[in-house]
Amino acid sequence: MYDQIVMAVYTFARGPMVWAAVLILCAGTIYRIRELYLLTVRKHPPQLPASLSTTTHTPSPEERALDRLARFQQSAFAVHPVMFFVSILFHACLFAAPLLALGHSLEIYRAWGITPPNLPEPMIDIMTAVVLACGIFFLMRRLVLPRVQAISSAADFVLLGCVMAPFVTGFCAYHQWFDYKTVITLHLLAGTILLIVLPFTKIGHMVFFFFVRLCIGSEFGPSRGSREWKL
């Protein structure tokens, strides 16, 4: 009876639930990008009083060097170098491991007849272990550092669990820990839940980071765009 229930859940999670999660992910992402776009307005050239000079000051090499130094001192690398490197490593493995896992590539091939690139399973296993280690680092950081505790809520821990659950279950499934059918079913459920909540929670920064950076670059970068954030 137990095996039948697990197999039924596995079949549902592998089929209809995956398609529903992908559709919700795509629709939610489009909706959120539209929301972010509506938070911007078209730029208008500043109206300067006639009495003000229109000449611009050309910074000297010393001024440019001081400006670069000031920017570096305020960067994440200079302020929190450990957090910077852990975050880069975490996000790189977080993206690469699911996209390049052989098991996921086989599922994509079965569904669409496409063979995406993949990495050897031992390398994916190492990347999964890196994600888990970084997840523990983020958890301890929220539990130990007072400044992070002050801005942490229950939702932050739940979201961290949503991100880590597919990797924990995938790691257990690869190493054949516990009952394989149960673990792989939990892996599918955890993955689909992550896809569903991604556009609507803080972890959506994995998708919207590029959009936000594009808008910030448009507003403050050397090649100014035509839109800026509303005040």
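Visitor: By class, which residues make up the lining of the largest pocket: how many are nonpolar, polar and charged?

Guide: The model shown here is predicted. Its largest pocket holds about 1900 Å³ of space and has 46 residues in its lining. Divided by class, that lining has 32 nonpolar, nine polar and five charged residues.

Visitor: Which helix gives the most to the lining of the largest pocket?

Guide: Several helices each supply at least two lining residues, among them helix 1 (2-14), helix 6 (102-112) and helix 10. The greatest contribution is one of nine residues, and the element that gives it is helix 6.

Visitor: Which residues lie nearest the centre of the largest pocket?

Guide: Helix 5 (81-100) and helix 6 (102-112) each supply at least two residues of the lining. Of the 46 lining residues, those nearest the centre are Pro98, Leu99, Gly103, His104 and His187.

Visitor: Is Thr185 buried or exposed?

Guide: Thr185 belongs to helix 10, which covers residues 180-197. The relative accessible area of Thr185 is 6%. Buried means under 20%, so Thr185 is classed as buried.

Visitor: How many of the protein's elements are helices, and how many are strands?

Guide: Read along the sequence, the pattern is α-α-β-α-α-α-α-α-α-α-α-α-β. Counted by type, the protein has 11 helices and two strands.

Definitions and conventions. Residues numbered from 1 in each chain as written. Predicted model: local features only at pLDDT ≥ 70, side-chain atom pairs only at ≥ 80, totals over all residues. Heavy atoms only, no water. Helix = DSSP H or I, 4+ residues; strand = E, 2+ residues; numbered from the N terminus. Buried < 20%, exposed > 50% of the residue type's maximum accessible area, 1.4 Å probe, protein only. 1 Å grid on protein atoms, 1.4 Å probe; cavity = no way out; pocket = protein on both sides within 12 Å on 5 of 7 lines; lining within 4 Å. Points joined across faces, edges and corners; volume = space filled by probe spheres on them. Nonpolar A, V, L, I, M, F, W, Y, C, P; charged D, E, K, R; others polar.
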